[in-house]
Amino acid sequence: MDTLRQELLAVFEAEYRDHLRVIRDILAAGPMDGRALGEVFRRVHSLKGAARVVDLSDVEGVAHVLESRLFRLLDGHQPVSAEDVAAIGQAMDQVDAYMQDTPGSEGPGPDAAPEPGAPPPPRDDGGGSYVQVPVARLDALVGVMHDLLGAAERHERVWADLEDLAAAARSASATADPAAALARLTRGLTALGRERGRIAGQFDRGMLRLGEEMRAVTLVPAGTVFGSLAGMVRQIAREHGGGEVTVRLVGMDVRADRRVIQALRDPVIHLLRNAIVHGQESPQRRQEAGKPPVPVLTLSVRMLGVRLLVSVADDGRGPDLEAIAARAVQQGLMQRDDAPVPETLLARVFDPGFSTRGEADRLAGRGMGLSVVAEAARTLHGSVRMEAGSPWGTVVTMTVPVSQRQRTVLVTQVGELTIGLPGRAIERLARVRQADIRVVDGRMYFPLEDRRDPAAADGAEASLVPLVALATFLGTPDSALPVHDGAVSVVLVAAEGVHCGFAVDRMHEVRILQISDAEAVGLDSDLVPGVGWPRGDRPVFVISPDTLLARWQTGGGTGGAFAGGGAAASDGPVAAQVRSPTILVVDDSITTRTLQKTILQAHGYDVLLATDGMEALSMLRRSSRRVDAIVTDVEMPRMDGFGLLDAVRSDPRLSSIPVVLMTSRNEEADIRRGLDGGARAYITKQGFEQGDLLDTIRGVL
């Protein structure tokens, strides 16, 4: 898939979610009047056009059928029946289901969906991702930058004043009263010192505010990612068992790091599918248990300190501990006579290959089980657990840091490097006497008592834990243990049942750091995925404990983690500036706007964007930039394309700007109305080719 299509699909995903959110809000508000019906029709029309742009024929087909139904209601001034409302809701669910079964917005349709048991494909999280940022937040960022620029200007003036003061001091040295000259110099330096202090304070406050605002921009409501899953779940339930399901979304206004929410989306979908399969019960059994006739699934998001908790709960039959125990015995994960501890059994369901379902179908029983969910949680430096619901059902909760850019780390010193070890993987800190270190088969170990074992207090022999210098993995192979004052500082790191003690020179403190991507500065990003930058301190290189333990197990301690670098870019000649024609693109579909903008910019045009005729007219009348041509849609809120055309033609200052109508309305009456109204060209979106747009633009300029 080419870069343009990838970008358009990312934009379309944001647009379709917005349309579905508004339509569902209208449905939830109660009986629809003509105005509400018109808004639904407009959004379905825009959705159809945007789907055509990105070649999603399934979505376009659903929108087209629904648009025809809505048009008949509008054209005949008919009331909206309960059947119509249900049809609108089901159409939205179908669109959601098509989009969920399109991995990366490029995968197969619903009849060829990927196996739900398999790990979900990676979702784009780079340049193809888009978020909506409130204007107030952007204004705050601009305000902070103005303050910082003001401080920088004041700083420049201090240096200029200092140079003037030095020149004056040199001149005064030749005067007859050097004492007076020295006094003036002292007063001037004192004043400049005070000013420098005020500037430093302004810089500090500005940088703190900038950090706060930047962190706020990266936080998005959970509903922006999870809000559309309700329709997908209802559609899956219909296809899987033919029944309905009620989906409750709780805590969708909780804000967290965009990357975290997006990374949790596929695991949440897996849990929802799993709940449909394993939580199914017959209507008779539900009635006997006093449950609602329609099954209820609840997706909830909440914050606990700096941790994000995402739970999927059902009101089905609950975990079958006997089946889990039998499967664990069959797979050799436990002995037949082991005590069936519920917590232990429920932890088994996250083991790779564990599944209690006897037969495979589209949704379950393919042998992967919930291990993909556990792996996703671990990747986010979090955890997952299953428990029985109250009074019935099953609850699975993923707990992860609220921000992947903010991490609690133990700051240590290893030679000249400041190293951060994530707190989640640290089992214990120890100060080990050199005399207690033992060598067995050429490897070093240190004794460690188990604080949870009462026998340890009675003099039982402590267990031996492997010990290695952390510097061995940081580009200094075969490093000796860093012994200071006859002892070694050891960080015991544990993950997945593997543990090892890593010796460091010193342990400084535990800090919460903002982490930036380490790959950009040439580091081994597998071992050192991030760098923290404490204010006024040296950078802290944050180690991945999982990679560290894996390399220790394989004997790969010859780092090279801090080698790297890149060639400096050379400056080339700057071409002379030639003004490019400016095109104003007006369309309420962000997908269509992005497509047209990309095409025009790729061919040398400057592009301005507006979402409807009202905004376009305001830009034309207030902007200082000269607009050479207007390309506008017809169906838009507030002021449509015909209204914009009339306004431009009736304004003497704008009437010379050529207007091109580009719309899916291809009826002869609409075309004649546009051309008679003064449009220089009329392009229909059906079968759109970018060459048509470019040829038309060249023709009207």
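Biologist: Which residue meets Lys291 in a salt bridge?
Modeller: This is a predicted model, where local features need pLDDT of at least 70, side-chain atom pairs count only at pLDDT 80 or more, and totals for chains, interfaces and linings use all residues. Residues are numbered from 1 along each chain as its sequence is written, and side-chain values use heavy atoms, without hydrogens and water. A salt bridge puts a side-chain nitrogen of Lys or Arg within 4 Å of a carboxyl oxygen of Asp or Glu. For Lys291 the N to O distance is 2.7 Å, and the partner is Glu281.

Biologist: Is Glu281 buried or exposed?
Modeller: Buried means under 20% relative accessible area, exposed over 50%, partly exposed in between (1.4 Å probe, protein chains only). Glu281 has a relative accessible area of 17%, so Glu281 is buried.

Biologist: How many residues apart in sequence are Arg24 and Asp93?
Modeller: Their salt bridge has its closest N and O atoms 2.9 Å apart. Helices (H or I, at least four residues) are DSSP runs, numbered from the N terminus. Arg24 lies in helix H1 and Asp93 in helix H4, so the pair ties together parts whose separation is 69 residues.

Biologist: Asp612 forms a salt bridge with Arg638. What is the relative accessibility of Arg638?
Modeller: The closest N and O atoms of this pair are 2.8 Å apart. Asp612 is buried, with a relative accessible area of 4%. Arg638 counts as exposed, at 63%.

Biologist: How many salt bridges does a search of the whole structure find?
Modeller: Some share partners: one network joins Asp18, Arg21, Asp25, Glu39, Arg42, Arg43 and Asp588. The search of the whole structure finds 28.

Key. Helix = DSSP H or I, 4+ residues; strand = E, 2+ residues; numbered from the N terminus.
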